Amino acid sequence: MRALAQYVMRGPLQAGGVAALATAIPYLSWIGAAVVGLVILRLGVAQGLNIALWALLPALGWAWIGNEPTVISVLLLVFLMTAVLRSTVSWEKSLLAGSGLGLVIGLALPVLFSGMLQEVTEAYMSLYQWAYPDMSQQLGSDLEKAMRSMVEGLMPGTYLGMAVAVAMLSRYWQAVLYNPGGFRREFHAFRLSRGVSALCVLLLLVAPVIGINPLLLGWVAGLPLLVAGIALVHGVVGRKNASNLWLVVFYALLVVQGFTISLLLMLLAIVDSWLDIRGRIKPSGPAE
């Protein structure tokens, strides 16, 4: 990956070529978005826009011809988040910008890609009916409505999660090439301000009653808290100079018990925004 980052930073031709080619290849489009993010972080929004236009052509092809909005959604989200990150040097503001655009994308998908969402809904319905035939029969006509609501919230939420991961990859590449260890220090120190954490909690609480898909709003409001919670775990492990095995165990638990661990991480992020947990932990020396 470092070799790829070095190659794309040789010039606009290399960066644009890799961004366009990767975006056009299935399952590699995230690399194209990461290249755009790297150029923005290192050279600025104007240079990043030139490279983004290369990636935008195949992304539009996926959306228009392939009826697949994932590629262009992730590209736009990464562009916005890395642009905000470069201008503000704030992951909090970057995540908030991404969440805002993620909400807009989530509201636009049912209008622009209704057919695709219906196909995905029918696929989920078939799977659910096969796995839970009795429950499916009890739900009756409500099953399709529930599945459609789930799909309309899950898909844009997934796009947002992918974009956050790709933006972090871009930042990591920048640190590897120009500021070794910078991303680690930045991520270990990241925590949300009290106002932002309170806003996220408020959105999570009012999601069921304001007329917006609760799952979509849950992703939009919950992802900054989740990222802050993960950063807290990394920061505590780093501050205590503990073995990376703790992180391996942590991510294993996150995979196995994703929902439960995610809720716990969001709760920890809220507490951390008020109490600064890392600041209360005494660093461990090399001998410990």
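Because the model is predicted, local features are reported only at pLDDT of at least 70 and side-chain atom pairs only at pLDDT 80 or more, while totals for chains, interfaces and linings use all residues. Residues are numbered from 1 along each chain as its sequence is written, and side-chain values use heavy atoms, with hydrogens and water left out.

The protein chain contains 14 helices and zero strands. Here helices (H or I, at least four residues) and strands (E, at least two) are DSSP runs, numbered from the N terminus. Read from the N terminus, the order of elements is α-α-α-α-α-α-α-α-α-α-α-α-α-α. The radius of gyration of the protein chain is 20 Å, close to the 19 Å given by the globule rule for 288 residues, so the chain is as compact as a globular protein of that length. The radius is taken over C-alpha atoms, and the rule is 2.2 Å times the number of residues to the power 0.38. The C-alpha trace spans about 60 × 45 × 35 Å along its principal axes.

Of the 288 residues in the protein chain, 45% are buried. Buried means under 20% relative accessible area, exposed means over 50%, and partly exposed lies in between (1.4 Å probe, protein chains only). The accessible surface of the chain comes to about 14900 Å², and 68% of that surface belongs to carbon and sulfur atoms. Accessible areas come from the Shrake-Rupley method with a 1.4 Å probe; for residues, only the protein chains shown count as cover. Among contacts (heavy atoms within 4.5 Å) with a separation of 6 or more, 72% join residues 24 or more positions apart.

Empty space was examined next. Rolling a probe the size of a water molecule over the atoms shows where empty space is left. The search used a 1 Å grid over the protein atoms alone: a cavity is a set of points where a 1.4 Å probe fits but cannot get out, a pocket is an open set with protein on both sides within 12 Å along at least five of seven lines, and lining residues have an atom within 4 Å of a point. Grid points are joined across faces, edges and corners, and a volume is the space filled by probe spheres set on the points.

The largest pocket holds about 590 Å³ of space. It is lined by 24 residues, of which Trp219, Gly222, Leu223, Leu226 and Ser262 are the closest to its centre. Two or more lining residues come from each of H9, helix H12 (214-239) and helix H14 (258-275), and H12 gives the most, with nine residues. The lining divides into 17 nonpolar, seven polar and no charged residues. In this grouping Ala, Val, Leu, Ile, Met, Phe, Trp, Tyr, Cys and Pro count as nonpolar, Asp, Glu, Lys and Arg as charged, and the others, Gly among them, as polar.

One cavity of 30 Å³ or more is found in the whole structure. The largest cavity contains about 50 Å³ of space. Helix H3 (29-43) and helix H5 (70-88) are the elements that give two or more residues to its lining, and H3 has the largest share, four residues. Residues lining the largest cavity include Trp30, Val71 and Leu75. This lining consists of six nonpolar, three polar and no charged residues.

Leu160 is in helix H9 (residues 142-178) and has a relative accessible area of 1%, so it is buried. Beyond its neighbours within four places in sequence, Leu160 is in contact with Leu77, Gly98, Ser99, Trp219, Val220 and Leu223. Ser73, in helix H5, counts as buried because its relative accessibility is 5%.

Val271, in helix H14, is partly exposed, with a relative accessible area of 33%. Val271 and Arg194 are 77 residues apart in sequence and 9.2 Å apart in space, C-alpha to C-alpha. Asp276 is found in the segment after H14 and is partly exposed at 29%.

Most residues other than glycine have a negative phi. Phi of Asp276, however, is positive, near 50°. Asn241 also has a positive phi, of about 55°, although it is not a glycine. Asn241 is placed in the loop between H12 and helix H13 (245-256) and is partly exposed, with a relative accessible area of 40%.
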